[in-house]
Amino acid sequence: MLDPQTIPGFLTAEEGQALADAVALGCADGASRSPVPPPVVEIGAYCGRSTVYLGRAARAAGTVVYAVDHHRGSEEHQPGGGYDDPRFWDAEAGRVDTLPAFRDTIRRADLEDVVLAVVGSSAVVAARWTTPVGVLFVDGGHSLATALEDWRGWAGHVAMGGVLAIHDVFHRPEEGGRPPHEVFLRAAASGLFDPLARVGTLQVLRRVGPRPLHAPAPVQG
Ligand code: SAH
Ligand code: MG
């Protein structure tokens, strides 16, 4: 079986397991009114390492993964960006292109029936999206503008009982960039998401629903 850690990418095996757990929780219990379990949406798939963890768990939950990525790389993947990889430079286009590597990963993992590539900008897809999402995994661009665009565009699509998982959340500024942490702070402060788990730099939150009808109101202390 393909070991996702052999695929170029940035997710640890422990974080991958936490993503799989999130799918088992968010897609089984997501209070979707659809006859099929709600799907997983991944923002930022790169070469598909994280997508393999999500895809295997999605298959077990009877659902699918929409893997959204323009495959042109984030700021840090551009030449000289610090995480640039010459294997993914398309000289003719003069652009990064991770789509062939992504497709190869999904074929080798035997997940072509479960993982659906959505090739384009996260904000453009989000603006037309209408399906409740069981697990939203946010691992796209890390500029503040892009991170906030992902939060604004996608957070409202997470189903009641669904999961929001944010990668590269560093609580201390000296450890890394702030934008994913800014999104985490907004999610926690919104009152719509409860922090559930933290594994590595993966922060997992759960979408809180309204109190069930006819259930007693919580006693005010
Ligand atoms: N989840 C992957 C790593 C993702 S790297 C793993 O752990 O293996 C971040 C990805 O986000 C890159 O592939 C980049 O192309 C994509 N990305 C960055 N900004 C984006 C945007 N605005 N819309 C769509 N994809 C974006
Ligand atoms: Mg990441």
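**Cavity, pocket and a helix pair**

In this predicted model, the largest cavity holds about 60 Å³ of space. Here a cavity is a set of points, on a 1 Å grid over the protein atoms alone, where a 1.4 Å probe fits but cannot get out, and a volume is the space filled by probe spheres set on the points, which are joined across faces, edges and corners. The count comes to one cavity of 30 Å³ or more. Its lining, meaning residues with an atom within 4 Å of a point, is made up of V138, D139, G140, G141, H142, A147, D150, I166, H167, P180 and V183. Helices α5 and α6 are the elements that give two or more residues to this lining; elements are DSSP runs numbered from the N terminus, with helices (H or I) of at least four residues and strands (E) of at least two. By class, the cavity lining has five nonpolar, four polar and two charged residues, where Ala, Val, Leu, Ile, Met, Phe, Trp, Tyr, Cys and Pro count as nonpolar, Asp, Glu, Lys and Arg as charged, and the others, Gly among them, as polar.

The axes of α5 (residues 144-154) and α6 (residues 179-189) come within 9 Å and cross at roughly 30° (axes are lines fitted to C-alpha atoms over the stretch in contact, and angles run from 0 to 180 degrees between N-to-C directions). The helices are therefore roughly parallel, a term for angles under 35 degrees. On the α5 side, the contact (heavy atoms within 4.5 Å) is made by L144, A147, L148 and W151, and on the α6 side by P179, E182, V183, R186 and A187. Seven nonpolar, no polar and two charged residues form this contact.

Turning to the largest pocket, about 740 Å³ of space lies there; a pocket is an open set of points with protein on both sides within 12 Å along at least five of seven lines. It is lined by 40 residues, and S74, E76, H77, D139 and G140 lie nearest its centre. The elements giving two or more residues to the lining are α2 (49-61), β2 (65-69) and α5, and the largest share, three residues, comes from α5. The pocket lining has 11 nonpolar, 20 polar and nine charged residues.

Residues are numbered from 1 along each chain as its sequence is written, while chains are lettered from A and ligands numbered from 1 in the order in which they are written. Local features need pLDDT of at least 70 and side-chain atom pairs count only at pLDDT 80 or more, whereas totals for chains, interfaces and linings use all residues, and side-chain values use heavy atoms, with hydrogens and water left out.

How values were computed
Parallel < 35°, antiparallel > 145°, perpendicular 65-115°, else oblique.
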